[in-house]
Amino acid sequence: KMTQQMRDLQLAQARKPPGPSSPNAAKRLYRNLSGKFRVNYTSFDEGSLAGRGEKEKLRKSYLFQSNAALFEAVELQDLDRVQELLKQYSPEELDLNTPNSEGLLPLDIAIMTNNAPIARALLQAGAKESPHFVSLESRSLHLSTLVREAEQRVNELTAQVVNEAPNTDCSEKEKQLKAWEWRYRLYKRMKAGFEHARVPDAPTNVHLSVASSSSVQVTFWEPLSVNSAVVTKYKVEWSCSPTFSPLLGEAMIDKLKNLHFTIRGLVSGTAYYVQVSAYNMKGWGPPQASVPPFAIPSNWREYDGRAPRRRGQAEALDHLLGQVKTVHQHCICHEPCKNQPQSRKHSVSKSLKHLFHPGSKFLKTLKRGLYLTAIFYKDDNILVTHEDQVPVVEIDDTYSCLLMQDFLWFTKVSCMWDEILWLRQCVTVSQSSCSCILQTRFKMLLAISQMQGLLGIQDLGQVFYEPVKDKQGNILIVTLKEVKTNQTFESVRWVPICKLQTSRKSVSSPEEPTALDMLLISVQDKLSYHQRSSHALSPGLYLGYLKLCSAVDQIRVLVPEQLPNILCHVKIRSNPNISREEWEWLQKMASVEEPVPSGPEAETSQDHLFRELQVAIKELMTLINIPLQEAKDFRLYSQEVLDFGGQVSFLLLLPPSDDVCTAPGQNNPYTPRSGFLTLPLQIFELGEER
């Protein structure tokens with residue numbers, strides 16, 4: 001069969017231009033071809049094709065050429081070209097796992113020439129080994145046959161070139177001879193690579209951890225020595241016995257980008273032993289037991305049977321809000337508000353053309369008072385009115401109440417943009433008290449309704465964490481919203497932020513800028529804050545630092561500028577779960593002056609957590625600029641683990657109790673470096689929820 005394949009190959013060689021006579025010639029050939037491959041067949045005018053059949057024939061020819069180019073690139077060990085082809089085409093378009101006429105796949109050639117970088121690139125793209133190699137003997141026989149028949153073909157062509165007189169046919173034979181000589185050397189190199197290879201060593205750093213009450217996770221690294229053959233897959237095995245007899249299960253890992261595996265569906269409270277072994281073309285290497293040798297699926301809540309703190313809270317609040325709405329809908333004093341004709345519908349689909357309507361009620365200049373402005377942005381552009389100004393509406397021109405309390409109330413309202421009309425009606429009912437606070441908050445709701453109506457958009461975005469105030473007595477509450485869709489609006493004009501900043505004519509002096517000027521000067525910083533505050537942490541367990549400072553009317557919390565919706569933190573590990581055993585150990589360590597790891601016996605998960613915490617604490621102290629010796633009185637919060645969505649969890653590091661919250665006028669002994677800011681606690685809580 002192999003001889004027939006080689007004869008077919010010879011016929012193919014005779015029908016087409018001769019193959020490459022050398023590696024350099026071959027490289028030039030397939031690079032020239034690949035330049036032609038980049039022509040997109042779908043760009044041809046369908047009218048110029050004879051029909052669907054010819055178009056499909058062109059497509060198949062196009063994909064065949066890309067497959068041939070990949071084989072050439074692997075044979076010539078051109079990593080850059082291999083990566084380019086894998087990026088340009090899908091595995092299906094490349095026929096990545098379809099053997100060629102020699103029964104080989106690109107991955108076979110890469111691993112048998114021991115080209116680890118190309119083999120890894122192919123493996124990450126989903127490449128497999130040839131299904132023809134069911135055993136070591138079949139692979140060895142296949143390679144020997146390829147070498148023998150290539151050698152035979154070289155001898156035949158050599159005799160023909162020597163015996164024939166110089167002519168066109170002879171020149172053609174010489175080119176074929178050079179191509180076959182090069183292929184003969186390739187097959188010999190592949191055969192030698194296979195013969196010299198051995199099974200891989202065991203994987204290294206096999207670490208076992210508890211992922212949940214019903215799962216464990218094993219992570220590992222490549223073997224220190226692959227013994228001249230690339231590892232193409234790994235095997236994870238687990239059992240309740242340290243001898244792995246009987247075996248409870250096994251899993252094959254051939255996606256080698258991330259070397260980890262989670263074993264699910266386990267029984268809580270049962271010990272599971274895990275081992276991992278590596279495979280190359282010579283077979284399976286020895287297994288490596290995990291460290292620690294076993295793990296018991298559990299969660300820290302099982303230590304005292306504690307239920308999640310927020311379980312059912314969101315549902316209960318929704319139910320309570322629904323009850324309040326029902327009561328107000330049947331209230332007699334609520335009827336007049338229900339029957340009032342709506343002068344403006346709050347429809348999401350309403351056009352933004354009000355921005356450019358001459359009769360709009362957006363303000364041009366500020367008088368002394370409280371105002372609302374909405375910043376909508378897309379990329380580096382900002383939405384402005386027809387007068388090239390950010391949308392501003394008045395809240396109260398005689399404002400004299402406590403700003404911080406009203407501002408914090410406004411931030412809570414921002415979680416209910418769709419309910420503003422209902423909230424207005426509720427506040428109207430209670431306005432008979434003529435309370436200054438109620439009047440201000442009612443005016444806030446009116447201003448929000450006005451902004452929503454003029455913009456035709458209900459969701460005004462997120463409130464910036466502090467108002468913009470100037471010396472003239474103007475106060476701006478700022479909302480920020482990013483427009484990510486490609487939706488086009490009628491008559492809308494997006495203005496580059498830099499152009500708006502340079503073209504605006506200021507009506508104030510540089511020494512005493514108005515709140516609007518201050519907003520435009522700092523708008524880029526505010527947009528950056530808004531974008532960063534929506535970022536999420538990657539899954540894992542983190543060590544957070546809680547530091548508060550109080551003022552007359554608020555408490556503020558220290559956060560990093562790069563992630564202002566999260567406490568100052570460092571990552572401990574990628575596994576967010578704290579097991580029952582680890583939590584029990586933390587409880588004991590909370591009452592010990594100098595915690596120490598266990599003795600020289602087999603390492604436990606507690607020992608591993610102890611070392612991870614040591615590293616994390618040092619990193620965190622460096623981050624917030626606190627000398628390590630000054631942190632000797634810091635303590636871990638041992639009442640609970642803070643869970644966020646099941647994928648992110650926090651252990652809290654606290655300063656001494658007297659220093660957790662710095663009072664006004666009190667000297668703060670722990671001053672962080674630049675790159676941090678303090679947010680009002682209520683703002684931080686809202687950002688955390690988002």
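**Reading turns, strands and helices**

Trainee: In the hairpin of strand 9 and strand 10, which residue takes a positive phi?

Mentor: It is D379, with phi near 60°, and this hairpin has two residues between its strands. Helices (H or I, at least four residues) and strands (E, at least two) are DSSP runs, numbered from the N terminus. Before we go on, this is a predicted model, in which local features need pLDDT of at least 70, side-chain atom pairs count only at pLDDT 80 or more, and totals for chains, interfaces and linings use all residues. Residues are numbered from 1 along each chain as its sequence is written, and side-chain values use heavy atoms, with hydrogens and water left out.

Trainee: How many bridges pair strand 9 with strand 10, and in which sense?

Mentor: Two strands pair if DSSP finds at least two bridges between them. Strand 9 and strand 10 (residues 381-383) have two bridges, in the antiparallel sense. Y377 has I382 of strand 10 as its bridge partner.

Trainee: Which other strands pair with strand 9?

Mentor: Strand 14 (residues 474-482) runs parallel to strand 9 over nine bridges, and F376 faces K481 there. Strand 11 (residues 392-396) is antiparallel to strand 9, with four bridges, and T373 lies opposite V392.

Trainee: How many residues of strand 9 are buried?

Mentor: Buried means under 20% relative accessible area, exposed means over 50%, and partly exposed lies in between (1.4 Å probe, protein chains only). Nine of the 10 residues of strand 9 (residues 369-378) are buried, so the strand is mostly covered. Strand 19 (residues 568-573) is mostly covered too, with five of its six residues buried. Five bridges link strand 19 with strand 16 (residues 540-545) in an antiparallel arrangement, and L541 is partnered with R573 of strand 19.

Trainee: How far does helix 14 reach from its first C-alpha to its last?

Mentor: The expected span of a helix is 1.5 Å times one less than its number of residues. Helix 14 (residues 436-455) has 20 residues and reaches 29 Å, close to the expected 28 Å. Helix 14 is largely enclosed by the rest of the structure, because 14 of its 20 residues are buried. Just after helix 14, G456 has a positive phi of about 75°.

Trainee: At what angle do the axes of helix 4 and helix 7 cross?

Mentor: Axes are lines fitted to C-alpha atoms, for helices over the stretch in contact, and angles run from 0 to 180 degrees between N-to-C directions. The axes of helix 4 (residues 79-88) and helix 7 (residues 116-124) come within 10 Å and cross at roughly 5°. The two helices are therefore roughly parallel to each other; angles under 35 degrees count as roughly parallel, over 145 as roughly antiparallel, 65 to 115 as roughly perpendicular and the rest as oblique. L79, V82 and L86 of helix 4 meet P117, I118, A121 and L122 of helix 7.

Note on methods:
Contact means heavy atoms within 4.5 Å.
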